[in-house]
2 protein chains.
Amino acid sequence: MSDTKWVYGFDEVADAQAAVGGDWDEVRGLLGGKGANLGEMTRLGVPVPPGFTITTEACLAYLDAGEQFPGDSWAQAEAALARVEEATGKTFGDKDNPLLVSCRSGAKFSMPGMMDTVLNIGLNDDVAEGMIALTGDARFVYDSYRRLIQMFGSVVLGLDDEPFEEVLTGARKAAGVASDSELPPEALLGVIAEFKQLAPAFPSDPREQLKLAAEAVFRSWNGKRAIDYRNAAGIAHDLGTAVNIQTMVFGNMGDTSATGVAMSRNATTGENKVEGDFLVNAQGEDVVAGTRPTLHVEDMAEIMPDSYAEFIDIAGRLEQHYHEMQDMEFTIERGTLWLLQTRDGKRTAQAAVRIAVDQAEEGLIDRKTAVSRVSPDQVDFFLHPQFSAESKAAAGKLAEGLNVSPGAAVGQVAFTADLAESWAKDEGRKVIMVRPETKPDDVHGMLAAEGILTSKGGRTSHAALVARQFGKPAVVGVAEMEIDLKAHTMSVGGATVSEGDWISIDGTTGEVFTGQLETLVPDISDPWLMKLLSWADEFRTLGVWANADYPVDAERARRYGAEGIGLARTEHMFFETERLPLVQKMITTEDPAARQEALDGLLPYQRGDFAGLFRAMDGLPVIIRLIDPPLHEFLPEHGQLLRDIAAAQVSLAAGEGDASGLEAKIAADTAMLERVEALHEANPMLGTRGVRLGIMIPELTRMQVRAIFEAACEAAKDGVDVHPEVMIPLTSHVNELKRQRSVLEAEAKAVMEEQGIEVDYKFGTMIEIPRAALTADEVAEYAQFFSFGTNDLTQTTYGISRDDAESGFLMAYLEQGILTENPFATIDRNGIGKLMGIAVEGGRSTRPDLEIGICGEHGGDPKSIALCHELGLNYVSCSPFRVPIARLAAAQAALRSA
Amino acid sequence: MSDTKWVYGFDEVADAQAAVGGDWDEVRGLLGGKGANLGEMTRLGVPVPPGFTITTEACLAYLDAGEQFPGDSWAQAEAALARVEEATGKTFGDKDNPLLVSCRSGAKFSMPGMMDTVLNIGLNDDVAEGMIALTGDARFVYDSYRRLIQMFGSVVLGLDDEPFEEVLTGARKAAGVASDSELPPEALLGVIAEFKQLAPAFPSDPREQLKLAAEAVFRSWNGKRAIDYRNAAGIAHDLGTAVNIQTMVFGNMGDTSATGVAMSRNATTGENKVEGDFLVNAQGEDVVAGTRPTLHVEDMAEIMPDSYAEFIDIAGRLEQHYHEMQDMEFTIERGTLWLLQTRDGKRTAQAAVRIAVDQAEEGLIDRKTAVSRVSPDQVDFFLHPQFSAESKAAAGKLAEGLNVSPGAAVGQVAFTADLAESWAKDEGRKVIMVRPETKPDDVHGMLAAEGILTSKGGRTSHAALVARQFGKPAVVGVAEMEIDLKAHTMSVGGATVSEGDWISIDGTTGEVFTGQLETLVPDISDPWLMKLLSWADEFRTLGVWANADYPVDAERARRYGAEGIGLARTEHMFFETERLPLVQKMITTEDPAARQEALDGLLPYQRGDFAGLFRAMDGLPVIIRLIDPPLHEFLPEHGQLLRDIAAAQVSLAAGEGDASGLEAKIAADTAMLERVEALHEANPMLGTRGVRLGIMIPELTRMQVRAIFEAACEAAKDGVDVHPEVMIPLTSHVNELKRQRSVLEAEAKAVMEEQGIEVDYKFGTMIEIPRAALTADEVAEYAQFFSFGTNDLTQTTYGISRDDAESGFLMAYLEQGILTENPFATIDRNGIGKLMGIAVEGGRSTRPDLEIGICGEHGGDPKSIALCHELGLNYVSCSPFRVPIARLAAAQAALRSA
């Protein structure tokens, strides 16, 4: 123990690095992030006020030993202090030439929840008088002194800050001034006297001040706030914090002094130009507080040209050294520049992209690093309009829900899909469609609206899925919002919003505002982003395809970089106005001829849809999924039919209205009710859908396959390079696939023969039922491709009905920490991920060249994309709007695993 | 090729055995089952009419070569025929001393779909005249002749049989007789002439007859019927069939001739005494046809004492040789006994058990063989009353449905649970409860009824589950049956059954009859069965536990041999009349105090239920599952509430009834409707149930755990050896279990502290969600036992809602052969079985002594039990009525894998 080095001067960072074996991350672990960077700057010859760091190991030993400094650690600190005295030529506690120091905590990871700073340590009555003699600035010295007592009282002694502030308020009142900085020296002397009474334990001995402050920092590691923060942020509890003791420098010592903060590049635009604020004759907190208008750091060039030149040089050197844009604090004390901190700078999404690309082109970093530095969420920013921060701050927030589809939308509230559509189409109004929840027959309204807001539903509710699919901003599950569809109003808390009122919703954050907020529209064609994504494409091995039902979506997906369509749903098309009656007839008739007639009516529509997709994706694969949902989804809702019948019966009984009309309505509704009840399923998610429908009603899927191949042949004849892939959903047993494929492939061949042209095609299946994954070796006998439907696979593997759960227990689980991630947002690695691994292995054992992808909602989620890369999938397929994100995430996954 | 032996005389079976390397199964493969047994009897010195077998290899080579006898095979057959001539002293085709032969197919496995027999080969006009001279019996000879032509025409020439039968009908009419055997010789001569015209290709050359017949047998292997049969029965297509050519013997050559069939033991009771029928001066088919009253084989002792003694001796020797009860055909031709066939005899369940036990005690077989010889289905027979075959034959079958709970029940139809209960309890009537489907509040009626019949639902519908649980015969899903609850009638096809009419249902077969059928009640205390099961217990390694909710069931289970309770459901108890209002209050109140009050009211009931279980299972483990179903199951049905409200509104509108009463009803129903709608889930199977309920409403499961431990402590104080195991259902993530277990185990400890007594207990979980199985290593950290809930595990892993599917696509899948087994009846080995294996391996990797069982419906299914044995489970738990079956199945699984 006696050999342990517990304290490192800022000039000893090389020793610290040697002690931990060279790894910079371990230096940060030993000295904390702040201490390590102060040492590194010192090593680089950057002017840093001298000081030293007491290590995190000392902290842990101190706490372990029942709050006792271990071994000779405090003696080492005193020796380090002596070296600082030597370096500065000042002496701690010496009234004639006093050294003042700050004491700051500094853990490996930044922890806002921890005790931070005590400044001006070393002042007492005597030293203060000596400093006044030295500086001639009594106000400055007394103000520094009262700040020491106040911070020490609060941070070290744990006193309530309020009584101190009351003293200050009283003094300002008495002096008739508005701010503390205007208080005259004599008034501050009175404040100091009163502060000493509030903090009788404040020691006048500078060395005791310092030791107690260091101990307070160590103890703060186990404070409640710090522990809570670490729990929340997932930081280990056994790291400890370092203490940094550093010579005080003052930017408020006249017109040759100044203080400021600056970034080495523009944090908003990413432009390669130092950017920041500074103030002459001021302290750091004045810059932050904004009590005086700050100057732009460029203005230093005129005011303090030498310091400016030095600072620009240092900023450049630091960026070169860290290979990253730096966020720096500096102080100029009587013409001498000091750097007090440097760290990697925060930036907007736009700046992040530009800086990464610029730095790579400058040769500062390589392209792999550039690709790794931008987060997929930052790419998302480019794809959706955003509210400006100012307009958000100015607006009144109405409520908050789930942020299920990003982007900002402003519009007038419409409570029905029809109204939303007619306002938008006929009157050109901007509309936000507001519903308790949405259903397939609301889609026309959703398409017409700027954004969607619902009070029910979860992350994968119908509203959320459709919104993401079409890139519409959406906030769902705003439970506190009560919608009165009859009164055409909604209310949250006290506020009431009527149909036609303006609201603004932020699908990126889940916020809902009243009124019209200002929006900013970033640009997907940003040249830096385009370059970054092209680099990402070089590194990724995972393909990126898109889910698109309509040609316009497919075109967008292709523009965004999609290399195929991984999922075209065929049933959305069934809900369109001209088609739904045919679909309902097909379902409700018992007569095979009538059913066939309805199917024949649908065929041309489907063929047209598919032909458009093939043309848009000329040369690329298009996976078309055969009908998936249970048939009752296309029929009226059971409870609504019962209510309609009851209403008509009541009118009849009361003798109101046209009796024969009512009776006819009752008869028609009752007939429909019977059919709805016949098709009723206790658990439709596990019911007659997907391939099960195809087996029970083969003429339906046969019609779809005919439409696909007629469209493909037609396009091929026009010279389009078509690659249809027919996807059979919900397979659970290989025999289902075997049976359906033989029926459907025969139809495909018949069409190609009729058309006199052959097209390249595949038959494959969704893997969305656990059994299909478990028996993938068998399933692959009859599937040329697999596509994981991870939404359904999550539902069945987890035994969770997503809509029920996301407005119920699943949200409670996430709040209570039973689950840390929503499995419908990010693939559950241990459960669903394991099952996917079994499926990949099984499928490829039978068919080594099996094409495997994913087309669930997770296809656009970066963590899930990383898992897909690890599992060796061929591609992910996601909403067109997430294609650029997926390209980047796939590249990052490849780089991480390389 | 020229060395190949294609033909084996019956006296050359030893050569055949040597040729295949000694294995008897391969002898059967080469010679077919019939040929092998004829050879074996010959080897044993049993008198068998001489003959020979053309091998299956010859058949395959014949078919391979484009229907040409391979090599010298036909020459070998002719040589074998010469040896038969030598042995019999008769000559084939010689009119003075003719040899007649039969030609029969004989594959390795019995195949009813194949061509079978041509008799009397060797007859033509000349030979017939010679035989008449020899026997003096023209009628016999002509009849034999016409049979040859008819069989040859049908079997060899492929002619339609109908014209032949028309000739016979005409002849009977002309002769004025009722049966063919009464036709005089001259009439038969006319028939022969007409038959020859119908079959002009019939050859008069005996050798050609023989060769063509043998070829027809060979060709029949590839006939459509045979291929279909093999596909259905899972028999390989590359086995081929043998041909057996055997000397004809005749039991109808006067009073010293006879023919018969007999078993070496009584096939009905199992008594060790030869049993069978015979007729003097008759042919085999006369015995079977029943045209003359047969004699008991014992009567032979008086009529033909020598033949009888010889036959009894042979029967004994064959049984000794085959170690199995034999089913024999014999013919006595002019005092000489011939055996024509022997094979293992079919028997009733009762006989199977007794014979196996007797044979083991006689030392004929060992106990392992005895245990292996009785099928679990045969044990099932002892547990349920059965209809006598006679009464079934006499009765009119009304319909057929799913045989979901075995046994026979007779009663008067009652269409409501209340009526069923009042008729049974108050009037002592026997009742069959008939409903479209049953619900939990029908249970009192089901308990009171003799049996249950429903028109809807599947193998695991509520009706089926409850019926099996309580051993009530049940037939469900009789789709063709229309129930008119208003008219109190049901109709099937044309028949209508009214309330109060007698019906009989056979839950073993799924049949429904009108009227009162006679029932036979077998006896579980059958001493042979008891002995067999005790032997089974010696061999099995898998424990057999029972699912029981009530003490009376637990007692029965213990009587039947259960070694623990693997599943006591706690929620059934919530449906009882006094309790349901408390349960509904608990669910519908928003006030925590009112909820706690309701729970406090339920506690004593639950405690009482559990105490009874612990007492009944003194010394054995009792696994109690905490509440599992979603809460809305305890509330009124949504559609019904809507209908009730509508009816009241209509009455109000029409001015009928008491307005304020109606308004109050509407208000109350509307309030309940709101709560029902709030609890509504799109897919309740995947919704808020099981542990999810326990986490959302911890006071509910805490009450249950308190009741369990209060009951356990109370019983322990009375000296009962209690082993409660608390089972948490529906775990999908280890954290759910961790959270619930910590809350509940704390409650358990608190109760034991209050009671001042410690009891041995475990906490564990159901494995019924795929994710729990996939992450079993994690789950086992907090589970002391696993119990596979294979019903739910099948639903989620297969993505099939059982009730929906069993009345829908799943039945179609089974009919169409897409699935060969209902996964809700037998565990799907490739899918669910694989997942169970992952769970067993994962769980035991974390906790090597993890107790693992199964408590789904599959626990009583022999194939599933075998899988559980292979997977290394500790026990299966099943309905008390299936415990004996499970004991046997578990032993057989152990013996098979040993």
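Two strands are said to pair if DSSP finds at least two bridges between them. Within this pair, B:Asp506 stands opposite B:Glu511 of strand 24 of chain B. The hairpin has four residues between the strands, and B:Gly510 takes a positive phi near 90° there.

Residues are numbered from 1 along each chain as its sequence is written, while chains are lettered from A and ligands numbered from 1 in the order in which they are written. Because the model is predicted, local features need pLDDT of at least 70 and side-chain atom pairs count only at pLDDT 80 or more, whereas totals for chains, interfaces and linings use all residues; side-chain values use heavy atoms, with hydrogens and water left out.

## The open sheet of chain B

Which strands make up the open sheet of chain B, and in what order? Eight strands form the sheet in the order 14-24-23-16-17-18-19-15, with mixed pairing. Strand 14 (397–400) and strand 15 (402–405) of chain B stand at the edges with a single partner strand each, so one side of each has no neighbour in the sheet. From one strand to the next, the twist averages 30°; angles run from 0 to 180 degrees between N-to-C directions, and axes are lines fitted to C-alpha atoms, for helices over the stretch in contact.

## The barrel of chain A

In chain A, eight strands close into a barrel in the order 26-27-28-29-30-31-32-33, and the pairing is parallel. The twist averages 25° from one strand to the next. Strand 31 (residues 785–788) of chain A and strand 32 (residues 851–854) of chain A run parallel and are joined by four bridges; A:Phe786 has A:Ile852 of strand 32 as its bridge partner.

Helix 35 (residues 829–846) of chain A packs on the sheet and touches strand 31 and strand 32 of chain A, where contact means heavy atoms within 4.5 Å. The direction of helix 35 of chain A makes about 175° with that of strand 31 of chain A. Helix 37 (residues 883–897) of chain A lies across strand 26 (543–547) and strand 33 (875–878) of chain A, and runs at about 155° to strand 26.

## Helix pairs

Two packed helices are described by the angle between their axes and the distance between the axes. In chain A, helix 6 (residues 138–156) and helix 8 (residues 185–198) pack at an angle of about 20°, with their axes 9 Å apart. These two helices of chain A are therefore roughly parallel to each other; angles under 35 degrees count as roughly parallel, over 145 as roughly antiparallel, 65 to 115 as roughly perpendicular and the rest as oblique. Helix 6 of chain A passes helix 8 of chain A in a left-handed crossing. A crossing is left-handed if the near helix is turned anticlockwise from the far one by less than a right angle, and right-handed if clockwise. Their contact has ten nonpolar, one polar and four charged residues; Ala, Val, Leu, Ile, Met, Phe, Trp, Tyr, Cys and Pro count as nonpolar, Asp, Glu, Lys and Arg as charged, and the others, Gly among them, as polar.

In chain B, the axes of helix 36 (residues 862–870) and helix 37 (residues 883–897) come within 9 Å and cross at roughly 50°. Helix 36 and helix 37 of chain B are therefore oblique to each other, and their crossing is right-handed. Residues of helix 36 of chain B in this contact include B:Pro862 and B:Ile865, and those of helix 37 of chain B include B:Ile885 and B:Ala886. By class, the contact of helix 36 of chain B with helix 37 of chain B divides into nine nonpolar, two polar and one charged.

## Confidence

The mean pLDDT of chain A is 92, and 97% of its residues reach 70 or more; pLDDT is the predictor's confidence in each residue, from 0 to 100. The model scores ipTM 0.81 and pTM 0.81.
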